[in-house]
Amino acid sequence: MTTETMTAERILAICRSNWEYRGIDHPAVRDMLAELSAHLEDAAAAGRLPQDIVGDDVKAFAADWARARTPLHRRLLHLGLGVLFVTGTLLLLSHLVRWTGVVSVTPGRLAFCLSVGTVIVAVELRRGSLSLGKSWLVGLVVGLPITILTDWLAGDEPLLRVALWTSLLLTLPMTAYGLARRARTRKRQPQAE
Amino acid sequence: MHRMTKEPPTSGDPRRSQLLRGALDICLLALIAERPRYGYEFVEALTEGGLELVSEGSIYPLLARMERAGHVESFRAPSASGGAPRKYYRLTRAGAAELARGHTVWQDFTAQVNGILATTEQTRGRHAHDDRNHDGRTDPGDLPQ
């Protein structure tokens, strides 16, 4: 789909996905989306197309803005903490579902998570956020065959065993980072007012 | 690379795009120095001044860089046209100094370019005149019978 035929909503969805996956924090993403959305509305009222605002390549536009908005080291930090948080949350869910203090990570389960994660990120960067139903569909269509194939090729011997405290520990850095950011934002708001 | 400026309708010269890319930050600082503005107002002011951008949104990465550099700061306020509050940009003291520096550099640069173009144009004119005289002497058709 070219930018010419895209709606403003689709452009905002693609920008949101790109900014989130590029490690821009949520308050900044909201701020950028509000600014872009207002511009798209003003331009539409003046009879201009979304393409006039974001150009031919909406992903390049989003990437350029992300680079300008947040320095690389902060984006990498945010992205790294996000990956740890998602991994920890998935492991905690496994602990909960199996009601066990130790989760075994087999090649098949690892391949499932990596393949589904890669496809979802790739699709969302191009087309905007996927709905829950479509994410399940990706899991079925992509993840299941890869899991079965990996189990068949590599066996189901566990690669590693993860204790509950390790899973909890993985979620802590992002939680602490988020709380610290929220406290800093609240501290700044009264000053700004 | 994200394209920044529209091909000008009159000349279709990509050089205009490159020149605008180099001067867009000074233009934005100058517009903010006039009064605080939000994104769409910059585009309107640039268009009124004869500078049309290929992708209007290309001002946002630039504004973000200027905000990070401390040249501008932003605040939210309702717009005159109504709707949701807009993100306005205003100039900081560092931004005013940057604008003054940028203005001086631009004036010096354009004066130097104009100087070179004017000097070489005179030289080219003289050479053309000499060539015409030279051709006139060698062309037998031009010689008096």
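In what order do the three strands of the open sheet in chain B stand? In this predicted model, the order is β1-β3-β2, and the pairing is antiparallel. The outer positions belong to β1 (37–38) and β2 (72–77) of chain B, each of which has a single partner strand, so one side of each is left without a neighbour in the sheet.

Strand β3 of chain B covers residues 86–91 and pairs with β1(B) in the antiparallel sense over two bridges. Within this pairing, Tyr38(B) has Tyr88(B) of β3(B) as its bridge partner. The pairing of β2(B) with β3(B) is also antiparallel and runs over six bridges; here Arg76(B) stands opposite Lys87(B) of β3(B).

From chain A, helix α2 (residues 26–45) lies across β1, β2 and β3 of chain B and runs at about 100° to β3(B). From chain B itself, helix α1 (residues 14–34) packs on the sheet and touches β1, β2 and β3 of chain B, its direction making about 95° with that of β3(B).

The interface can now be viewed as a whole. Chain A brings 24 residues to the contact and chain B brings 20 residues. Between them, the two chains bury about 1,900 Å², with 48% of this area on carbon and sulfur atoms. Glu35(A), His39(A) and Ala68(A) together supply 29% of the area that chain A buries against chain B, more than any other three residues.

The rule finds 14 residue pairs in polar contact between chain A and chain B, both residues being at pLDDT 80 or more. Five salt bridges are found across the interface of chain A and chain B. One of them joins Asp64(A) to Arg65(B), with the closest N and O atoms 3.4 Å apart. On the side of chain A that touches chain B, α2, α3 (50–54) and α4 (58–69) of chain A each supply at least two residues. By class, that side of chain A has 11 nonpolar, three polar and 10 charged residues.

The C-alpha trace of chain A spans about 60 × 45 × 25 Å along its principal axes.

Over all chains, a search of the whole structure finds 13 salt bridges. One within chain A links Arg69(A) to Asp31(A), where the closest N and O atoms are 3.0 Å apart.

Terms used. Residues numbered from 1 in each chain as written. Chains lettered and ligands numbered in written order. Predicted model: local features only at pLDDT ≥ 70, side-chain atom pairs only at ≥ 80, totals over all residues. Heavy atoms only, no water. Pairing = 2+ DSSP bridges. Helix = DSSP H or I, 4+ residues; strand = E, 2+ residues; numbered from the N terminus. Contact = heavy atoms within 4.5 Å. Axes fitted to C-alpha atoms, helices over the stretch in contact; angles between N-to-C directions. Buried area = accessible area lost by both parts, 1.4 Å probe. Salt bridge = Lys/Arg side-chain N within 4 Å of Asp/Glu carboxyl O. Polar contact = N/O pair within 3.5 Å; in protein donor to acceptor, adjacent residues only side chain to side chain. Nonpolar A, V, L, I, M, F, W, Y, C, P; charged D, E, K, R; others polar.
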